[in-house]
Amino acid sequence: MKRALITGITGQDGSYLAELLLAKGYEVHGLIRRASTFNTHRIDHLYQDPHESAARLFLHHGDLTDGSAIMSLVARLQPDEIYHLAAQSHVRVSFDQPEYTGDVTGVGTTRLLEAIRSTGVSTRFYQASSSEMFGASPPPQSEETPFYPRSPYGAAKLYAYWMARNYREAYGMFAVNGILFNHESPRRGETFVTRKITRAVARIKLGLESSLYLGNLDAVRDWGYAPEYVDAMWRMLQADSARDYVVATGTRFSVRDFVSAAFACVELDWEQYIRYDARYERPTEVDELIGDASLARKELGWEAQVHAPELVRIMVEADVRRLSEELDGSAARRTRYDP
Ligand code: NAP
Ligand code: GDD
């Protein structure tokens, strides 16, 4: 049985990846942070699953800033594969916390790579790299596009990207960078723009709110569906050799397009509800990200199936359903991981 370690297992991608690996028969270990409130809502259905796979899921407390704990965890588990997904992942927040973002999102990767190198554990390493590293470089962006990060988050991810490459070249480590473009789902964090929009659409439709405050509506993104993107991560670690891949849909969609499509799903006119708030602008913006994932299609057999219009519908329907259940009291009571 293969053993995987996932950092960031409580996040959007970590939860889908844990599902995927458990379904493939892996033993799955996740690194989680101690929090003063419950933070495992995305994986509780896996942890207390009545099925056999729940017995193959293990959670370990730790933090990317705590190098010695990471080192001993890697040494103890000896995982076959490590998926490094944990990060301070919010671009706007990284302008307020540049040093912290550098420590967690950048140096956190080095701590893991060093843990692998110094313990001599034989493992395959996935680094969650980001299209934010392309920043100001015009689209379409591929593996050959020059990097030009526009935020402390983008700069931290670029440092981590080069560290993964350096450990591959210097020590022969099987370390890959998945350069993933934006990917979303009903489990997306509520402060990222897509989920902020679909959650507000549900609240407006059901009469709980009357407006939605947003920043730059002109930004263009390439939005895919998160469950498909974690499959691409897994494929990268099964390849014969380690190399870096762009993962994207290739579809152009602006924030305005997303807003308009989301309100249309519930038959409302978006222009009546959207208000502008300059606080959501960034000091430097990434105007346009559209990926070219030809290499992943050719070498990994991976291709996006869900594109932006369908993604919008999936997310709006999920938020309307979730809120309706909460309001009529029929929402299932969640079980929770309680260490
Ligand atoms: P997410 O939902 O924000 O999840 C981030 C995860 O990192 C959470 O589990 C979080 O734990 C954990 N974490 C944060 N700081 C930590 C620390 N100091 N120590 C240990 N764990 C920590 O992110 P996501 O959307 O799933 O993205 C996964 C990864 O892919 C991230 O590295 C992100 O930067 C990168 N990425 C994402 C996208 C995208 O569009 N989603 C695109 C490209 C790259 P808590 O639950 O306790 O907060
Ligand atoms: N969050 C947010 N909130 N963004 C807004 C808002 C708002 O109210 N109004 C407009 N936007 C614009 C942002 O300025 C940005 O251009 C775009 O919406 C997308 O913002 P986010 O959803 O926060 O995502 P991101 O593109 O900055 O970063 C995400 O994708 C990266 C990959 O390209 C994150 O998931 C990163 O972790 C990831 O690496």
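# Briefing: two ligand sites and local features of a predicted model

The structure holds 24 salt bridges, a salt bridge being a side-chain nitrogen of Lys or Arg within 4 Å of a carboxyl oxygen of Asp or Glu. This is a predicted model, in which local features need pLDDT of at least 70 and side-chain atom pairs count only at pLDDT 80 or more, while totals for chains, interfaces and linings use all residues. Residues are numbered from 1 along each chain as its sequence is written, chains are lettered from A and ligands numbered from 1 in the order in which they are written, and side-chain values use heavy atoms, with hydrogens and water left out.

**Ligand 1**

- Ligand 1 is surrounded by 25 residues, a residue being near a molecule if one of its heavy atoms lies within 4 Å of it. The closest of these are Thr-10, Arg-33, Leu-85, Ser-89 and Tyr-153.
- Polar contacts (pairs of N or O atoms within 3.5 Å) include one between a polar side-chain atom of Ser-89 and an oxygen atom of ligand 1, at 2.6 Å. A polar side-chain atom of Asp-63 lies 3.0 Å from a nitrogen atom of the ligand, and a polar backbone atom of His-183 is 2.9 Å from an oxygen atom of ligand 1.
- The protein buries 90% of the 900 Å² that ligand 1 exposes when taken alone; accessible areas come from the Shrake-Rupley method with a 1.4 Å probe, and for residues only the protein chains shown count as cover.
- At least two shell residues come from each of helix H1 (12–23), helix H5 (98–119), strand S5 (124–130) and helix H6 (152–171). Helices (H or I, at least four residues) and strands (E, at least two) are DSSP runs, numbered from the N terminus. S5 gives the most to this shell, with three residues.
- By class, the shell around ligand 1 has 10 nonpolar, 10 polar and five charged residues. Ala, Val, Leu, Ile, Met, Phe, Trp, Tyr, Cys and Pro count as nonpolar, Asp, Glu, Lys and Arg as charged, and the others, Gly among them, as polar.

**Ligand 2**

- Of the 23 residues around ligand 2, the nearest are Ser-130, Ser-131, Tyr-153, Arg-282 and Glu-285.
- Oxygen atoms of ligand 2 lie 2.6 Å from a polar side-chain atom of Glu-285 and 2.7 Å from an N or O atom in the side chain of Asn-182. A nitrogen atom of ligand 2 is 3.0 Å from a backbone N or O atom of Thr-191.
- Ligand 2 has 720 Å² of accessible area on its own, and the protein covers 95% of it.
- The shell around ligand 2 consists of nine nonpolar, eight polar and six charged residues.

**Side-chain pairs**

- Glu-81 forms a salt bridge with Lys-2, with the closest N and O atoms 3.2 Å apart. The pair links distant parts of the chain, as Glu-81 is in strand S4 (residues 81–84) and Lys-2 in the segment before strand S1 (3–7), 79 residues apart.
- Rings of Phe, Tyr and Trp (its six-membered ring) pair if their centres lie within 6.5 Å, with planes under 30 degrees apart counted as stacked, over 60 as edge-to-face and the rest as tilted. By this rule there are nine aromatic pairs.
- The pair of Tyr-167 and Tyr-171 is edge-to-face, because the ring centres are 5.0 Å apart and the planes stand at 65 degrees. Both residues lie in helix H6, four residues apart, about one turn of the helix.

**Backbone**

- Most residues other than glycine have a negative phi, and most peptide bonds are trans.
- A cis peptide bond, with omega about -5 degrees, joins Pro-139 and Pro-140; Pro-140 lies in the loop between S5 and H6.
- Gln-78, a residue other than glycine, has a positive phi near 50 degrees and is placed in the loop between helix H3 (67–77) and S4.

Methods:
A polar contact is a pair of N or O atoms within 3.5 Å; within protein, one must be able to donate a hydrogen and the other to accept it, and residues adjacent in sequence count only if both atoms are side-chain atoms.
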